There are 2 protein chains.
Amino acid sequence: MSELVEASGVPLPTIKYYLREGLLQPGETVSATRASYGEEHVRRLAVIRALIELVGLPVARVREVLAVIDTPGTASYETVGRAISALPPYPDESTPEERAARDHPLARAAIERLGWTWDPRFPAVAQLERALAAAGTAGIPMDDGRLEAYGTHLHAIAETEIALGPDEPSAFLEYAVLGTALTEPVILALRRLAHQDVTARRTRPSPPPQPPQPS
Amino acid sequence: MSELVEASGVPLPTIKYYLREGLLQPGETVSATRASYGEEHVRRLAVIRALIELVGLPVARVREVLAVIDTPGTASYETVGRAISALPPYPDESTPEERAARDHPLARAAIERLGWTWDPRFPAVAQLERALAAAGTAGIPMDDGRLEAYGTHLHAIAETEIALGPDEPSAFLEYAVLGTALTEPVILALRRLAHQDVTARRTRPSPPPQPPQPS
């Protein structure tokens, strides 16, 4: 286990805690006092650390995410949907069945106009409904031009992301979960920077010189 | 003032609170006991409510945002940057000067590769640096293919959003702030739904039938 500490950079008490909580699979027993840990343990530790420290998930949510990742089978859109559903933001505490029974008129209209395959049990539907209602209330309605731009470009981003992912189903699920959680902040920051660039180009005839390089 | 309550839907004690806090500009004095409120008060109330209730900003942050919106002048990329900087997430409590003096190697490399005009004082730079570091740690590095896709499509989204905005500078600033805060949740939800659609198309030869319509 000391080798696992070294290979992963995770302190021993933390590894023992993850083993007790069932987040990390036990090593292969070699003798009464020794167990053997492999590359898959190092990899799993990186996933657990990312979910806890970078995404900020509580241990119970991490267990849910890992359970979906570990389900044998194909990386279908239902399993990807379930894995991503365990990530924040949580629109509410309703079950998938309760969500399916509910109507989401704004989200439904938007998704149907885009022609996407969708599942009303997926929490992103409720998340979209709330976000559209809030934006509309504040005077930023989702008109067709805006929806068309968002739909086209976000679909293209999703296609690239999925094409860059691994083929093997459980590796793909892990990638989908970490990719969703960890690239959302990248996307939001880049969009704010894109706004700054577009505004700069719009308000000046020629682009200003780059800012001085910090020394 | 009772007409303002009716026109805005905001309760009287809340309006008085916003007046005391300096968020809402006073009405024009008509007599010793009467003041006149206009369309601009109704509009400002909608902005205040959106920032407090939908974005979840504390009153002090709302005051900062409104101060930038109210600054006379052009909607340059510096003023848009300052207004958006008052919105969450807050990467840290550093001043613009401190941020400019700091190096952001991952963000710098990404933005320079995209060829965007940028300002190192803008908090989105620090936000991007953190997000890229976290994603890289978890095994999702920002390689050129991913950066190219994000850059191209987010820039196109930003162009559409800015083209849809008003021309008048202070109205544009208000739109930029509310648009940033309120459409980020829309974009994240749509991206998750785009992933579901792409996965569904990838794992099935033909798209499945649409889910049944809730009655």
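Which residues are linked with Arg191(B) in a network of salt bridges? In this predicted model, the network comprises Glu161(A), Glu184(A), Arg191(B) and Arg192(B).

View 1. Arg191(B) is buried, its relative accessible area being 1%. Beyond four places away in sequence, the residues that Arg191(B) touches include Leu154(A), Ile157(A), Glu161(A), Glu184(A) and Tyr150(B).

**View 2. Leu128(A) in the largest nonpolar core.** This core has 124 residues, and Leu51(A), Leu128(A), Leu51(B) and Leu128(B) have the most contacts inside it. Leaving aside residues up to four places away in sequence, Leu128(A) touches Ala107(A) and Ile111(A), together with Val186(B), Ala189(B), Leu190(B) and Leu193(B).

**View 3. Salt bridge between Asp70(A) and Arg44(A).** The closest N and O atoms of the pair are 2.5 Å apart. Asp70(A) is partly exposed at 44% relative accessibility, whereas Arg44(A) is buried at 11%.

**View 4. Salt bridge between Arg63(B) and Glu21(B).** The N to O distance is 2.7 Å. Because Arg63(B) belongs to helix H4 of chain B and Glu21(B) to the loop between helix H2 and strand E1, the pair ties together parts that are 42 residues apart in sequence. Arg63(B) is partly exposed, with 36% relative accessibility; Glu21(B) is also partly exposed, with 27%.

Technical notes: Residues numbered from 1 in each chain as written. Chains lettered and ligands numbered in written order. Predicted model: local features only at pLDDT ≥ 70, side-chain atom pairs only at ≥ 80, totals over all residues. Heavy atoms only, no water. Core = buried A, V, L, I, M, F, W, Y, C linked by side-chain atoms within 4.5 Å. Buried < 20%, exposed > 50% of the residue type's maximum accessible area, 1.4 Å probe, protein only. Contact = heavy atoms within 4.5 Å. Salt bridge = Lys/Arg side-chain N within 4 Å of Asp/Glu carboxyl O. Helix = DSSP H or I, 4+ residues; strand = E, 2+ residues; numbered from the N terminus.
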